[in-house]
Amino acid sequence: MAEMSHAVPERLQARIDSLVASAERPRPLDAEQREALRSRVKRLLEERDAVLIAHYYVDEQLQKLAEETGGHVSDSLDMADFGANHPASTLVIAGVRFMGETAKILSPEKRVLMPTLEAECSLDIGCPPEEFAHFCDQHPERTVVVYANTSAEVKARADWVVTSSNALAIVNHLEANGEKILWAPDRHLGRYIQRQTGADMLLWQGHCVVHDEFKAFELERLRAEHPGAEVLVHPESPEDVIAQADVVGSTRQLIEGARQSQADELIVATDYGIFYKMQQAVPGKRLIVAPTGGKSATCASCAHCPWMAMNGLENLAHCLETGAGEIHVDSGVREKALESLQRMLDFSRSQGLVTAGDA
Ligand code: 13P
Ligand code: SF4
C-alpha cells in the first residue's frame with residue numbers, strides 16, 4: 001500500500017476555519033413570507049425556462065420546491081447526470097459551487113445559476129490547483145483520480161473524476177488494468193477505497209468539515225444505547241466511524257440502504273439535511289444523527305454543512321429574478337475538465353450507477 005503523501009498546509013486550514021465561521025445563513029422567514037417566495041420561485045422557474053436541481057443537504061424548502069416543480073433532488077453524481085440530460089435552458093443548482101461548475105462543464109450552452117456563489121466546500125479549498133498540479137508533476141506515472149468536490153481547474157488536471165457513488169467501481173476498474181493512482185482530495189474516502197480495492201493509491205490529505213467531526217467512541221456508546229439500530233455512514237467520515245457501519249455509501253446509496261434495512265432505528269453519519277428525503281423513504285423508522293462531539297468536545301459544523309446551509313428561498317428567488325449567481329468556467333479549463341467528467345458519466349451510465357429522474 002502506498003504511503004500517505006500530501007498534507008494540507010496550515011494556511012489552508014486557517015482559510016477553511018475562517019470561511020466556516022463567516023458562512024452566512026439565510027434570515028428566518030415566517031409562514032407568509034415563505035409561501036410568497038415559494039409562489040414567486042415557481043412562477044420564475046416557468047418564465048425563465050429553468051429547472052431546480054438540489055442536493056440532499058440543502059434546506060428542505062428547496063428540496064420540496066425541486067420535487068414540486070419537476071426538478072431533482074439527489075447526490076452529486078445524479079445531479080450532474082440529470083442536469084446534462086434536462087432540456088431546460090437554465091439549470092438552477094442548489095448546493096455548493098463545485099456542483100454548479102460541474103453542471104456548466106457538462107452543459108456549456110445552458111445558463112447555470114446558483115443562489116449563492118459563496119457556497120464553498122472544504123475539500124475544494126484544501127486542494128488549490130497549482131499545488132495539486134505540482135503534486136501530479138511529481139508522479140507522472142500515476143493515473144490522476146479526483147473527487148467531484150474540486151474546482152474545474154483540478155478536474156482539468158485529472159484523468160478521472162469520481163463521486164462517492166462510483167469511486168469504488170472506477171478504482172476497481174483501474175486497479176484491474178494495473179494502474180497506480182494519485183487520489184485527491186478526501187483522505188478518508190481515499191483510505192476507504194484503498195482498503196476496499198487494494199489499489200496502489202497516493203492520497204492528498206483533504207477533509208470535509210462535516211464528516212471529519214463524527215466521533216467513533218461516542219458512536220459506540222450511542223449504538224450500545226440503541227442495540228437494534230443500524231449505522232449508515234458516508235465515506236468522507238473517519239476510518240474508525242466507517243468501521244462501525246452497516247452501510248457505507250453516497251447520500252443516495254444511504255437512502256437506499258435505509259429503505260432496505262430491517263431495523264426500526266437508523267444512526268446516520270452524514271449531514272442531517274438528508275433526513276428530509278430519507279424520512280420520506282422510511283416513514284416508520286426513527287432516524288438518529290451520529291455524534292459529532294464527546295462530553296468536552298465541540299463541533300464546528302455539527303452535522304450540517306455551513307455552505308449548503310447558505311442556500312435559501314430568498315437568494316434562490318433573487319438569482320432567478322436577476323440572473324445573479326451565474327457560473328462561468330474558462331473555456332480551455334472546461335474542455336479539459338469535460339474529458340475526465342464525461343469519462344466518469346459514461347462509465348457510470350454503462351454500469352447503471354445513475355438513476356436520473358428518481359427524485
Ligand atoms: P454525495 O455525492 O454523496 O452526494 O456527496 C457530496 C458531498 O458533498 C458529501 O459531503
Ligand atoms: Fe464539502 Fe463536506 Fe459540505 Fe459536502 S458536506 S459540500 S464535502 S464541506
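Which residues does Val92 touch, not counting residues up to four places away in sequence? Here is a friendly walk through the answer and its surroundings.

1. First, some ground rules: this is a predicted model, in which local features need pLDDT of at least 70, side-chain atom pairs count only at pLDDT 80 or more, and totals for chains, interfaces and linings use all residues. Residues are numbered from 1 along each chain as its sequence is written, while chains are lettered from A and ligands numbered from 1 in the order in which they are written.

2. Val92 touches Ala50, Val51, Leu52, Ile53, Leu113, Cys319 and Leu320 (contact: C-beta atoms, placed from the backbone, within 7 Å).

3. Ile53 and Val92 have the most contacts inside the largest nonpolar core, a set of 106 residues. Such a core joins buried Ala, Val, Leu, Ile, Met, Phe, Trp, Tyr and Cys residues through C-beta atoms within 7 Å. At least three of its residues come from each of domain 1 (24-118 + 307-330) and domain 2 (211-289); domain bounds come from an automatic or database domain assignment.

4. Ligand 1 lies between these two domains because both give residues to its shell. Among the residues surrounding ligand 1 are Asp75, Asn149, Cys208 and Glu236, where near means a C-beta atom, placed from the backbone, within 6 Å.

5. Lys104 is buried, because 23 other C-beta atoms lie within 10 Å, and the cut-off for buried is 20 or more. Leaving aside neighbours within four places in sequence, Lys104 is in contact with Val112, Ile327 and Val329.

Definitions and conventions. A residue is buried if 20 or more other C-beta atoms lie within 10 Å of its own, exposed if 12 or fewer, and partly exposed in between; C-beta atoms are placed from the backbone. Two residues are in contact if their C-beta atoms, placed from the backbone, lie within 7 Å.
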